[in-house]
Amino acid sequence: MSTSRRDARRREILLAAAGVLAARDDAGMAEVAAAVGLARGTLYRYFPTRESLLRALEAAANEEAGRRLAEANLDQVPVEEALARVTRALVAVGEHFIVLLRERRPPEPGFTAPLGALIERGRDGGQVRSDVPVACLVESLLVLVGACVRTGQAAGMGSEDISSTALRLFLTGARPPPS
């Protein structure tokens with residue numbers, strides 16, 4: 001099998017695995033193989049263990065989210081618009097992102113650093129509360145987006161509605177308390 005064909009099959013497996021694992025976190029390799037239409041033995045040639053599959057999903061989620069966040073030009077727009085862009089980028093990563101959160105695998109610093117910088121900028125400008133640690137706000141945003149993706153998709157919401165809901169919920173809690 002050519003390298004490009006193997007890479008395409010690997011991506012296909014990761015997409016199917018993300019969907020299966022987002023729907024049911026204890027799903028096994030047999031369910032992933034069935035979802036992609038492969039024999040379990042073939043799946044094991046690509047990912048010898050469930051852990052290797054999860055590591056690949058983690059890498060894919062981090063890479064895709066990092067790429068989307070870099071493209072969002074967060075430092076060139078007002079804080080609320082930047083938070084909206086962050087939310088849309090994470091919702092677009094969708095099921096990969098849910099699996100990453102559910103497995104309690106922390107996103108890579110390259111993924112979270114822009115979020116921390118954005119929240120710091122929001123603090124400096126008075127748009128984001130300063131009485132909660134930045135790391136707590138970053139993780140809260142990530143978990144909130146993940147929860148909205150999972151439950152919003154199940155409720156038939158589209159990505160824009162999911163993004164808007166997650167952003168409104170975050171901003172309501174992240175705004176500084178009235179003086």
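Biologist: Let me start with a pair of charged side chains: which residue forms a salt bridge with Glu81?

Modeller: Side chains of opposite charge can pair when their charged atoms come close. A salt bridge is counted when a side-chain nitrogen of Lys or Arg is within 4 Å of a carboxyl oxygen of Asp or Glu. Here the partner of Glu81 is Arg85, with the closest N and O atoms 3.0 Å apart. Before going on, note that this is a predicted model, in which local features need pLDDT of at least 70 and side-chain atom pairs count only at pLDDT 80 or more, while totals for chains, interfaces and linings use all residues. Residues are numbered from 1 along each chain as its sequence is written, and side-chain values use heavy atoms, with hydrogens and water left out.

Biologist: Where do Glu81 and Arg85 lie, and how are they separated?

Modeller: A helix is a DSSP run of H or I with at least four residues, a strand is a run of E with at least two, and both are numbered from the N terminus. Glu81 and Arg85 belong to helix α5 (residues 79-93), and because they are four residues apart there, about one helical turn separates them.

Biologist: Is Glu81 buried or partly exposed?

Modeller: Buried means under 20% relative accessible area, exposed means over 50%, and partly exposed is in between, using a 1.4 Å probe and protein chains only. Glu81 has a relative accessible area of 30%, so it is partly exposed, and Arg85, at 25%, also counts as partly exposed.

Biologist: Which residue forms a salt bridge with Glu51?

Modeller: Glu51 pairs with Arg55, the closest N and O atoms being 3.8 Å apart. Both residues lie in helix α4 (residues 50-71), four residues apart, which is about one turn of the helix. Glu51 is partly exposed at 35%, and Arg55 is partly exposed at 45%.

Biologist: How many salt bridges are found in the whole structure?

Modeller: The search finds 10. One of the pairs to look for is Asp131 with Arg129, at 2.8 Å from N to O, and here Arg129 is buried, with a relative accessible area of 19%. Salt bridges can also be linked, as in the network of Glu64, Arg67, Arg68 and Glu71.

Biologist: And how many positive and negative side chains does the protein have?

Modeller: Lys and Arg count as positive and Asp and Glu as negative, without His or the chain ends, and each charge is placed at NZ of Lys, CZ of Arg, CG of Asp or CD of Glu. The protein has 23 positive and 22 negative side chains, and the centres of the two sets lie 5 Å apart.

Biologist: Stepping back, how many helices and strands make up the secondary structure?

Modeller: There are nine helices and zero strands. The C-alpha atoms fill a box of roughly 60 × 30 × 25 Å along the principal axes, and buried residues make up 43% of the 179 residues.
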